[in-house]
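Student: I am new to this structure. Could you show it to me and take some questions?

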Amino acid sequence: MLRVCVIGLGPIGTRHARLYQADPLADLVGVCDIDKARADAAAAECGVPAFHSVPEMLRALAPDLCSVATGGYEYSSDHYEPTMQALEAGCHVLGEKPISNEIPWAEEMVALAKAKGVCYGIDLNHRFTPAAELAKRWQNEGRLGHLLFCNMSMWIMNPRESSPWFQIKALHPHTIDVMRHYCGDVEAVQCFATKAPGRRIWSTAHFSLLFKNGVVGGLTGSYDIERGHPMERCEVAGTKGRFVIDDMFREVTLYPAGDMEKRVYSNPIFGGMRDFEDTFLNRIHRFLEQVSQGVSPEEIDGSGADGLAAQRVLQAAIESIQTGTVVHIQ
Ligand SMILES: NC(=O)c1ccc[n+]([C@@H]2O[C@H](COP(=O)([O-])OP(=O)(O)OC[C@H]3O[C@@H](n4cnc5c(N)ncnc54)[C@H](O)[C@@H]3O)[C@@H](O)[C@H]2O)c1
């Protein structure tokens, strides 16, 4: 069993702590938040010691693995310091998305994990579902043929106004990651954004994407629509077929080209995913599994490098809005 600590005990870190407690591959040994009340509440609930300083916790417990679920400006400025501290101490780290709001910080974290030879994963949970895995299997079996296009959309309500780029930086690590998962690296992006009535930030956006392998894609996302109905859709098409994933895990449909019969996987009533929280459960379990199996850091699914690649696309999208041009990814 891996000895695990959780850093940052907001709603998301507290969820990580509960999921580690329930996972047979993990032994939750401590929690840390600079907000004493939050650390103490999570510690009392989980029956583990509370810490209010990351270096102190790392010295006292020497965990194998840390989750970093801090937030901050653009939901990510606070990730850098505790991530660097945990990596420096030789821990494997599972960080929350976005990897960072600043590309140079993300690059430093990825580089330090590499130098230390430890596994660094990001909670890109939307692709850790049976439906998304089945779609990947169909793709690997050649059922899509030569890839042509990808259409993705995701919309939720998030009324925060912390930064003009909040929606682009904090919502779209997920969507870009899912698109990269099926279509590979992005070559160029053009982005248009708009503001819902009363909003000051670019709360809705559309991206046109060109992938390095020639695939073309469109992504639309919004922080302006209340939850309730479906909220995410991913369509990937090739010369031999097309799949559509609805709501990450609810359903995936394969439409073979020239064949009037489609193939549908629906989330089962018994033994299926219960709700969105199960995307965290699956993602955390996969990280624990890969670390336990000694998978090499480059092979980690949803790695720090994936998180960084997604953030580079989003930074290019921001530059596209600012300049009104197509931006090529460095
Ligand atoms: N993967 C997903 O689907 C998903 C969904 C929602 C949010 N998130 C991400 O989860 C993260 C956390 O979200 P939240 O709503 O729980 O945030 P939050 O702001 O409520 O909580 C973050 C906590 O981290 C603590 N913290 C900050 N710096 C610290 C440090 N150096 N040491 C110890 N504690 C520190 C803060 O005191 C705070 O209690 C964000 O990055 C967000 O983007 C992911």
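This is a predicted model: local features need pLDDT of at least 70, side-chain atom pairs count only at pLDDT 80 or more; totals for chains, interfaces and linings use all residues.

Tutor: Residues are numbered from 1 along each chain as its sequence is written, and side-chain values use heavy atoms, with hydrogens and water left out.

Student: Which residue in S10 stands opposite Leu 209?

Tutor: Helices (H or I, at least four residues) and strands (E, at least two) are DSSP runs, numbered from the N terminus. Two strands pair if DSSP finds at least two bridges between them. S9 and S10 (residues 216-222) pair in the antiparallel sense over 7 bridges. There, the residue facing Leu 209 is Gly 217.

Student: What phi does Gly 214 have in the turn of the hairpin?

Tutor: S9 and S10 form that hairpin, with 4 residues between them. Gly 214 sits in the turn, and its phi is positive, about 95°.

Student: How many bridges join S8 and S9?

Tutor: S8 covers residues 186-194 and S9 covers residues 204-211. Val 186 stands opposite Phe 211 in S9. The two strands pair in the antiparallel sense, and the number of bridges is 8.

Student: Is Ser 303 buried or exposed?

Tutor: Ser 303 is found in the loop between helix H8 (277-292) and helix H9 (304-323). Buried means under 20% relative accessible area, exposed over 50%, partly exposed in between (1.4 Å probe, protein chains only). Ser 303 has 7% relative accessibility, so Ser 303 counts as buried.

Student: How many residues are in the largest nonpolar core?

Tutor: A nonpolar core is a set of buried Ala, Val, Leu, Ile, Met, Phe, Trp, Tyr and Cys residues joined through side-chain atoms within 4.5 Å. Those with the most contacts inside the largest one include Tyr 182, Phe 207 and Ile 245. Its residue count is 39.

Student: How many residues does the other core have?

Tutor: Another core lies apart from the largest one. Among its members are Phe 51, Cys 66, Leu 87 and Val 118. The count for this core is 28 residues.

Student: Which residue just after H4 takes a positive phi?

Tutor: Helix H4 spans residues 80-88, and its buried residues include Pro 82, Met 84 and Leu 87. Just after H4, a positive phi of about 85° belongs to Gly 90.
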